[in-house]
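Q: Please take a close look at a single residue and its surroundings in this model. Then set that residue against the protein as a whole.

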Amino acid sequence: MNGLRALVVCFVVACAAVVTPAAAVTPGWSALPVPPAAASPVTVSDLAARGPGEAWASGYEHAADGLRPMLYRWDGRAWHRETAFPGAGELGWLGKVQFVGEEVWILHNHVGVGQILRRSAGGWSSLPLPQTLWTYQDFAAVPGAAWVVGEDDTGLKVLHHDGSGWTTQSTPEGVLYLMGITARTATDAWAWADTTTGTTVLRWDGTAWRDARVPLPPDSNVHTLLLEPSGRATIGGSRYIDGVPHTYLMTFDGRTWRTTYPPLGDTYTEAMVRGPDGALWLPVRSDRAFQSKYARVNGPRTTFSYGPERTDAIDVRPRALTRAGSSLLSFGTVEIYGSKPNLMSERLGG
């Protein structure tokens, strides 16, 4: 009898190994080497990928004489420092990265003057902004349109490029400040704003900016708004409940908004992306000093995974996350004991 039982067990195990080999091995996060920045510490602004063979990470170095722009390119196999763009050796910083057709567009504060860097097959060029702003808060670009939002001495400014020239757009009465902007098409852009009545989501329909009438939770703010080609939209933000901040997510299916409170604590959701598996992914504060930590939110279920262990690390922080084909790429900083934070990158899948 014992011999028969052993035979059955062996048969079942063998069948499972043959039928579901992928289920037995779950791919984990792996470390990708990044050439160190010239100055430390560093700040990562954004990370965007066109596919598995092209990604760009932007930011700036904190040099002795001020901030200096920092740009890295992923070619599918390795990260490379990019230094050929206009103003690379001068003071300034790089912000959001966008793909517009076959080009890469990057918001650039160049010695206090705003411009958009553009890289095509022919090399780098720059698109100057029509005026200098005190602050350059955010940037969005799609084929046929681009927006830069910020402030000057007269207040809020929304600069719009229609493919041929710049104009200044007005916003609804009561809008004090635009905290972020994103766009799906030239006639479908969204922004989240601070207004006289609290946080509000605005929408551009090709004619005017209007209140999108999103039913945000009371006493809440917005960190990010993720637009998808299908028409789905996801908002990430935080709400104070009994004096404690709680992260919330709102998903729009084209007709109604649905609000959930996944177990993310007070995570800042700016780096949230839709992964190749259809779930939402975002970096979270890690409870392990030597490893990064990521959350995966798939409907009502939230799970967590850790990045690779890093020897002598005392702080590992993914700052930006993007989908790159069938994998996820992260870019951020790592602080090794005895040194200032420098750059790190990790990949899941691929």
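A: Q169 lies in strand 13, which covers residues 166-169; strands here are DSSP runs of E with at least two residues, helices are runs of H or I with at least four, and both are numbered from the N terminus. This is a predicted model, in which local features need pLDDT of at least 70, side-chain atom pairs count only at pLDDT 80 or more, and totals for chains, interfaces and linings use all residues. Residues are numbered from 1 along each chain as its sequence is written, and side-chain values use heavy atoms, with hydrogens and water left out.

Q169 counts as buried because its relative accessibility is 11%, and buried means under 20% relative accessible area (1.4 Å probe, protein chains only). The side chain of Q169 makes polar contacts with two tryptophan side chains: that of W147 at 3.0 Å and that of W209 at 2.7 Å. A polar contact is a pair of N or O atoms within 3.5 Å; within protein, one must be able to donate a hydrogen and the other to accept it, and residues adjacent in sequence count only if both atoms are side-chain atoms. Beyond its neighbours within four places in sequence, Q169 is in contact (heavy atoms within 4.5 Å) with W147, V158, H160, W204 and W209.

As for the whole protein, the secondary structure comes to 28 strands and 2 helices. Of its 350 residues, 45% count as buried. Among contacts between residues at least 6 apart in sequence, 40% join residues at least 24 apart. The C-alpha trace spans about 85 × 45 × 40 Å along its principal axes.

Note on methods. Buried means under 20% relative accessible area, exposed over 50%, partly exposed in between (1.4 Å probe, protein chains only).
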